[in-house]
Amino acid sequence: MNWWETDFLAVRENRLFIAGRDAVGLAERHGTPLYVYGKGRILERYGRLEDAMARHSPLEARICYAMKANPHRGILRLLRRRGAWIDAVSPGEVETALQAGFPAERILFTGTSVSRADLRSVFAVAGLTVNIDAAEQLDLMSEVKREFPARTVRVSVRWNPGIGRGINARVITAGKRSSDGTPIKFGVEGKKVLGVFARARKLGFRPVGLHQHLGSGWVREDAPMVRAAVDRMVRKARELERAGFRLEFLDFGGGFGPRYLRTRSVFPVEDHIAYLSRAVAGAGLGVKALALEPGKYLVGDAGVLLLGVEYIKESYGNIFACVDGGTFNTVPRPAIYPSAHHVIVNAGRVDAAAKARVTVAGNICETGDVFGRERLMPLPASGDVLAVLGAGAYCRSMASRFNLRGIPREVLI
Ligand SMILES: Cc1ncc(COP(=O)(O)O)c(C=O)c1O
């Protein structure tokens with residue numbers, strides 16, 4: 001069995017099956033390039049989180065789907081029916097969540113560089129919670145709030161606990177600077193948090209929660225740092241309670257994901273949930289609910305991109321499988337993040353004794369447009385279907401029309 005096989009992906013008679021269906025058959029039926037997502041896999045992941053939260057804490061569990069990972073309407077409706085909440089980061093995401101039937105009460109809006117127009121849009125949605133990203137944002141909020149005199153706006157504070165964690169510099173979202181020195185723009189600095197709560201209340205907002213999100217793509221080795229940040233969050237919540245703020249929820253963000261690479265370790269999600277539940281209980285906090293914001297974890301390995309091979313090209317000793325899609329328009333992560341890796345499988349011939357080093361090249365005019373570089377695989381042939389695994393999160397949602405290429409169809413099965 002291959003390490004990436006799951007209830008969603010299986011190999012039978014050397015062919016790839018996606019949710020029980022022959023991948024080549026799906027490509028023939030719907031055409032390539034094609035995204036295929038699996039309902040069963042998403043629900044399985046959701047169930048795991050829900051069970052772990054119920055096992056470790058008596059508090060209400062809020063699984064807030066970070067919809068930026070994949071805002072496919074079918075996925076949103078599926079998760080809404082299952083009881084999920086939503087982490088939305090723009091008015092467009094709020095609007096899409098409402099259209100998918102999420103009640104405003106289950107949406108947390110976490111903006112960054114928030115504009116007056118953003119605030120106008122979200123204040124118009126009664127019941128939604130606005131997560132404050134900056135002390136300085138309160139001036140804008142107070143100004144726009146005057147247009148909604150009768151509305152009580154629920155707010156929480158996204159604080160920056162001073163430490164962050166993520167698989168690469170671009171996705172570390174807390175701490176002073178990222179691992180490459182980039183100043184971190186997110187969240188309210190620790191020493192300002194109490195002041196933001198006090199001022200928000202004075203301005204007529206209703207502070208209800210504290211939030212942090214450390215980054216994305218955690219691996220096992222990140223666990224000690226993540227725990228240290230959980231401890232900081234709990235200490236900060238205690239400080240707020242002592243100052244008289246009754247917190248309804250603590251939101252520990254997302255960051256844990258599926259495995260994209262055999263050699264990469266897996267973050268122990270259940271241990272994390274057990275740890276944070278114990279920390280909250282041990283501190284005697286009066287909060288009613290614990291929240292997590294999974295994106296990748298729920299959908300990352302529940303999606304595959306199918307590509308058709310047009311021809312095999314040889315140049316200066318390099319072998320290229322030239323496919324009918326470009327990374328920018330389909331799976332842009334390898335072109336954006338140096339550490340991103342997606343397993344690539346020949347759907348009709350998963351394994352063969354004879355292998356070659358193949359670079360899977362897209363149809364975009366850019367050298368970086370490769371799905372995989374010099375991968376050891378059975379040499380593909382024209383007409384073969386290649387499956388790019390782990391294409392459920394931050395692929396369609398980050399895809400652009402660069403080179404004026406189209407964006408593939410999506411099917412949810
Ligand atoms: C505020 C917030 N919450 C949650 C997430 C989800 O992260 P992940 O997909 O790694 O779980 C993100 C990702 O960017 C985020 O910015």
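Valine 360 stands opposite glycine 372 in β18. The model described here is predicted: local features need pLDDT of at least 70, side-chain atom pairs count only at pLDDT 80 or more, and totals for chains, interfaces and linings use all residues. Residues are numbered from 1 along each chain as its sequence is written.

**Strand pairing around β17**

Strand β17 (residues 356-361) is joined to strand β18 (residues 370-377) by five bridges, and these two strands run antiparallel. Two strands are taken to pair if DSSP finds at least two bridges between them. Helices (H or I, at least four residues) and strands (E, at least two) are DSSP runs, numbered from the N terminus.

**The sheet β1-β2-β3**

An open sheet is formed by three strands in the order β1-β2-β3, with antiparallel pairing. Because β1 (9-12) and β3 (21-22) stand at the edges with a single partner strand each, one side of each is left without a neighbour in the sheet. Four bridges connect β1 with strand β2 (residues 15-18) in the antiparallel sense. Leucine 9 has isoleucine 18 in β2 as its bridge partner. In general, strands of a sheet pair through backbone hydrogen bonds, either parallel or antiparallel.

**Backbone geometry**

Most residues other than glycine have a negative phi, and most peptide bonds are trans. The peptide bond from threonine 32 to proline 33 is cis, and proline 33 has its place in the loop between α1 (23-30) and β4 (34-37). Alanine 19, which is not a glycine, has a positive phi and is found in the loop between β2 and β3. Tyrosine 316, likewise a residue other than glycine, has a positive phi and is found in the loop between β14 (303-315) and β15. Glycine 204, whose phi is positive, follows α7. The angles are listed below.

| Site | Angle |
|---|---|
| Threonine 32 to proline 33 | omega near -5° |
| Alanine 19 | phi about 45° |
| Tyrosine 316 | phi near 50° |
| Glycine 204 | phi near 95° |

Burial is assigned from C-beta atoms placed from the backbone: a residue is buried if 20 or more other C-beta atoms lie within 10 Å of its own, exposed if 12 or fewer, and partly exposed in between. Alanine 19 is buried, because 20 other C-beta atoms lie within 10 Å. Tyrosine 316 has 4 other C-beta atoms within 10 Å and is therefore exposed. Glycine 181, in the loop between β9 and β10, also counts as exposed, with 7 C-beta neighbours inside 10 Å. The C-alpha atoms of glycine 181 and alanine 169 are separated by 8.3 Å, and the two residues are 12 residues apart along the chain.

**Helix α7**

The buried residues of α7 are Val193, Val196, Phe197 and Ala200. These residues cover an arc of only 100° around the axis, so they lie on the same side of α7. The arc is that of the directions from the helix axis to the C-beta atoms. Gly195 and Lys202, on the other side of α7, are exposed. The cover over the buried residues of α7 includes β8 (129-132), α6 (137-145), β9 (154-160), β10 (188-189), β11 (206-211) and α8 (223-242). For such cover, two residues are in contact if their C-beta atoms, placed from the backbone, lie within 7 Å.

Alanine 198 belongs to helix α7 (residues 193-202). Alanine 198 is partly exposed, since 15 other C-beta atoms lie within 10 Å. From alanine 198 to glycine 40 the C-alpha to C-alpha distance is 45 Å, at a sequence separation of 158 residues.

**Domains and ligand surroundings**

The chain is divided into domain 1 (9-38 + 301-412) and domain 2 (111-294), with bounds that come from an automatic or database domain assignment. Taken over C-alpha atoms, the centres of domain 1 and domain 2 are separated by 36 Å. Seven residues of domain 1 are in contact with six residues of domain 2. On the side of domain 1 that touches domain 2, the residues divide into two nonpolar, four polar and one charged.

Around the ligand there are 17 residues, of which Ala66, Ser216, Gly254, Glu293 and Gly295 come nearest. A residue is near a molecule if its C-beta atom, placed from the backbone, lies within 6 Å of it. By class, this shell has five nonpolar, nine polar and three charged residues. Ala, Val, Leu, Ile, Met, Phe, Trp, Tyr, Cys and Pro count as nonpolar, Asp, Glu, Lys and Arg as charged, and the others, Gly among them, as polar.
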